[in-house]
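Here's a quick briefing to read alongside the model. Have the sequence and the 3D view open as you go through it.

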Amino acid sequence: MSTNRVHIFDTTLRDGEQSPGASLNVDEKVEIARQLEKLGVDVIEAGFPISSPGDFEAVSRIAALVGDQVTVCGLTRARPGDIDVAWDALKGAKRPRIHTGLGVSESHLKHKLKMTRDQALETGVAAVRHARSLGCPDIEYFTEDSGRADPEYLYRVIEAVIKAGATVINVPDTTGYMSPEEYGALFAGILNHVPGAENITLSAHCHNDLGMATANALAAARAGARQIECTINGIGERAGNTSLEEVVMALHTRRDAYGLTTNIRTEEIYRTSRMISTMTGILVQPNKAIVGANAFAHSSGIHQDGVLKERTTYEIIDPKTVGINESRIILSARSGRAGVKHRLQELGYTFHNGDDFEKIYERFLRVADSKKVVYDEDLEAIVSDEVSTVPQTYELEQLQVTCGDHNIPTATVKLRHENRAVLLDADTGNGPVDAVYRAINRIVQVPNDLIEFTVQSVTEGIDAMADVTIRIKADDMIYTGHAAHTDIVVASAKAYLQALNKQIARVSGRPEPARQLEHV
Ligand code: KIV
Ligand code: ZN
C-alpha cells in the first residue's frame with residue numbers, strides 16, 4: 001500500500017504491559033486508551049482477551065469507548081477459541097481488528113509449536129479464515145520471529161494468509177536480532193516476491209535487544225512498511241519495543257529524509273509519556289531521546305551560551321513540539337556566565353554593577369564545585385549573601401576546624417581586616433561552631449550575646465547548601481547575620497561575621513547603605 005502516511009499502531013497496553021513489573025488495572029488501561037486517542041494513534045492494541053478476565057474487560061471497555069478514527073485490536077494465538085473470545089471482546093468497537101498469527105522461524109516451529117512448516121502454514125490460514133467467518137473486517141497476521149526465519153518460507157506464509165483474507169501483515173523481529181539494513185531488505189523482499197503484498201499494509205514490529213528497534217522500524221518504513229508498531233517510552237518485553245515518540249519524531253524532524261507522515265499530535269507526547277511512567281512505575285531513563293529529563297537540558301557553558309543566543313544551535317526539536325514548555329539550563333560547575341546571568345534574570349535579579357555579578361559568579365563556581373547541580377534556592381542564597389552591603393570590617397579568609405568524638409573541638413580562624421591586615425587566632429569550644437565563634441571573638445573583641453542560631457538546608461540532599469541565621473545582642477540592639485554555604489561551619493562563621501560587622505558599623509557610627517538586604 002503505497003501512500004506516504006505511516007499508521008501508528010500502539011501496543012503499550014499489550015506488548016508494553018509485558019514489561020517485567022508493569023501490570024496495569026482495567027481502569028488505568030481505559031485512561032491510557034483515552035490519552036492514546038488524544039495522541040492520535042491509528043490503532044490501539046488493547047490486550048490479549050483470552051489471557052485473563054481483566055484483559056477481556058479492558059479490550060471490551062476500550063472497544064466501546066474510542067471513536068471511529070481509531071482501530072481497536074485484540075491479540076490471539078492462531079486458535080479458534082482465542083479468536084472467538086477476541087471477537088466477543090471487540091464487538092462494540094467501531095473499527096475492530098483481530099491480530100492473530102504464528103511463528104515462522106525454525107526455532108519456533110521445532111521447539112515451541114512442534115509443527116512442520118506446512119502444518120504451521122495451514123494453521124495460520126485456518127485462523128485467518130475463522131476470523132473472517134465471524135465477520136471481522138480487519139485481520140492482522142503476525143509471522144512471529146520473522147527476523148530469524150527463512151525468507152522463502154516467510155513469503156509462502158504471507159502469500160497464503162493474504163489469500164485467506166488478512167488485511168495487514170505484521171513482520172516482527174521478535175528477538176531484536178536484525179540490523180536496519182537487513183530488516184529494510186526483508187520488507188523490500190516481501191514486496192518483490194509476494195503476490196498481493198502491494199494491496200495490504202505491511203507492518204514493522206521491532207524489539208530493542210540490540211538497541212536498534214527505532215532504526216529498524218524506520219528502515220522498514222523506508223522500504224514500504226506503512227504501519228509501525230510501538231509503545232510509549234519504548235516499554236515492552238526484555239529491552240522493550242520501538243518507542244513511539246522516537247519513530248514519530250524521527251519522521252517529523254527528518255521529513256526531508258523520509259518523506260513520510262503520521263497523524264500523531266506531537267504536543268501530546270510528553271503528557272502521554274508521563275502518564276505511562278507513573279502508571280506502570282517504569283521510570284524513563286534521564287537521557288532517553290525525546291522524553292527523558294535531560295532531552296532538552298543543557299549543562300555545559302558553551303552549550304548554554306549557544307542555546308541562549310539561538311535555541312537551534314544545540315536543539316533539533318523545539319521542546320514545545322512534544323509538549324515540554326521549555327529547554328532547561330542546568331547550572332553546574334560547567335556553566336558559564338551567560339547561563340548563570342540568564343537564570344538570575346529569570347529569578348528577577350538585574351545587575352547594574354558588573355562587580356556584583358562577578359562576585360556572585362565566583363561564589364557560584366565555588367558552590368558548584370562542591371555540588372552537582374546548583375538550584376534556584378542555592379542561587380538566591382548566594383545572592384543575598386554576596387550582595388549584602390554591610391561594611392565588611394572583617395572578612396573570613398580561612399577557617400580550619402578539628403572535631404570528632406575523641407577530639408576537643410578546635411578552630412583556627414584567619415580574618416582580613418578592611419585595612420588589609422590579616423589576623424589569626426584559635427580557640428576550643430563545646431563543638432566546632434562554638435570553637436569558631438570563640439576564635440573570632442578573640443580577634444574581633446566586640447562583646448555580645450548570641451541569642452539565636454538556626455540552620456536550614458536550602459535544597460535537598462546531602463550536598464545541600466546550609467543556610468545559617470544568627471542573632472546577637474549588644475547594648476539592647478539586635479544584629480542579624482545570615483549566610484549560606486555547603487559547609488555548615490563556614491556558613492556559621494560568615495553569618496556571625498556579618499552580624500558582627502553590623503554591630504561594629506553601628507558602634508562606630510558608620511551608616512549602612514540603603515541597598516542593604518538584611519535588616520537589623
Ligand atoms: O514480538 C512479537 O513477535 C509479538 C507478536 C505476538 C506480535 O509481539
Ligand atoms: Zn512483540
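How far from an oxygen atom of ligand 1 does a polar side-chain atom of histidine 205 lie? The gap is 3.1 Å, inside the limit for a polar contact (a pair of N or O atoms within 3.5 Å; within protein, one must be able to donate a hydrogen and the other to accept it, and residues adjacent in sequence count only if both atoms are side-chain atoms).

Before going on, a word on the ground rules. This is a predicted model, where local features need pLDDT of at least 70 and side-chain atom pairs count only at pLDDT 80 or more, while totals for chains, interfaces and linings use all residues. Residues are numbered from 1 along each chain as its sequence is written, chains are lettered from A and ligands numbered from 1 in the order in which they are written, and side-chain values use heavy atoms, leaving out hydrogens and water.

**Around ligand 1**

- The oxygen contacts also take in histidine 207, with a polar side-chain atom 3.0 Å from an oxygen atom of ligand 1.
- Aspartate 15 has a side-chain N or O atom 3.1 Å from an oxygen atom of ligand 1.
- On its own, ligand 1 has 260 Å² of accessible area, and the protein covers 92% of that (Shrake-Rupley method, 1.4 Å probe; for residues, only the protein chains shown count as cover).
- Strand E5 (139–144) and strand E6 (168–173) are the elements that give two or more residues to the shell; helices (H or I, at least four residues) and strands (E, at least two) are DSSP runs, numbered from the N terminus.
- The residues around the ligand (a heavy atom within 4 Å) are Arg14, Asp15, His99, Phe142, Glu144, Asn170, Pro172, Thr174, His205 and His207.
- Sorted by class, that shell has two nonpolar, five polar and three charged residues (Ala, Val, Leu, Ile, Met, Phe, Trp, Tyr, Cys and Pro are nonpolar; Asp, Glu, Lys and Arg charged; the others, Gly among them, polar).

**Domains**

- The assignment, automatic or from a database, gives domain 1 (7–280), domain 2 (296–321), domain 3 (322–386) and domain 4 (394–519).

**Sheet E11-E12-E13**

- Three strands make an open sheet in the order E11-E12-E13, with antiparallel pairing (two strands pair if DSSP finds at least two bridges between them).
- Strand E11 (394–402) and strand E13 (422–428) each have a single partner strand, so one side of each has no neighbour in the sheet.
- Neighbouring strands here are turned by 20° on average, direction ignored (axes are lines fitted to C-alpha atoms, for helices over the stretch in contact; angles run from 0 to 180 degrees between N-to-C directions).
- E11 pairs with strand E12 (410–417) over eight bridges, and E12 is joined to E13 by seven.
- Threonine 412 is the bridge partner of glutamine 400 and stands opposite alanine 426 in E13.
- Four residues lie between the strands in the E12–E13 hairpin, where arginine 420 takes a positive phi near 80°.

**Sheet E14-E15-E16**

- This open, antiparallel sheet has three strands in the order E14-E15-E16.
- Strand E14 (449–457) and strand E16 (477–485) are at the edges, each pairing on one side only.
- Nine bridges link strand E15 (466–474) to E16, and lysine 473 has isoleucine 478 in E16 as its bridge partner.
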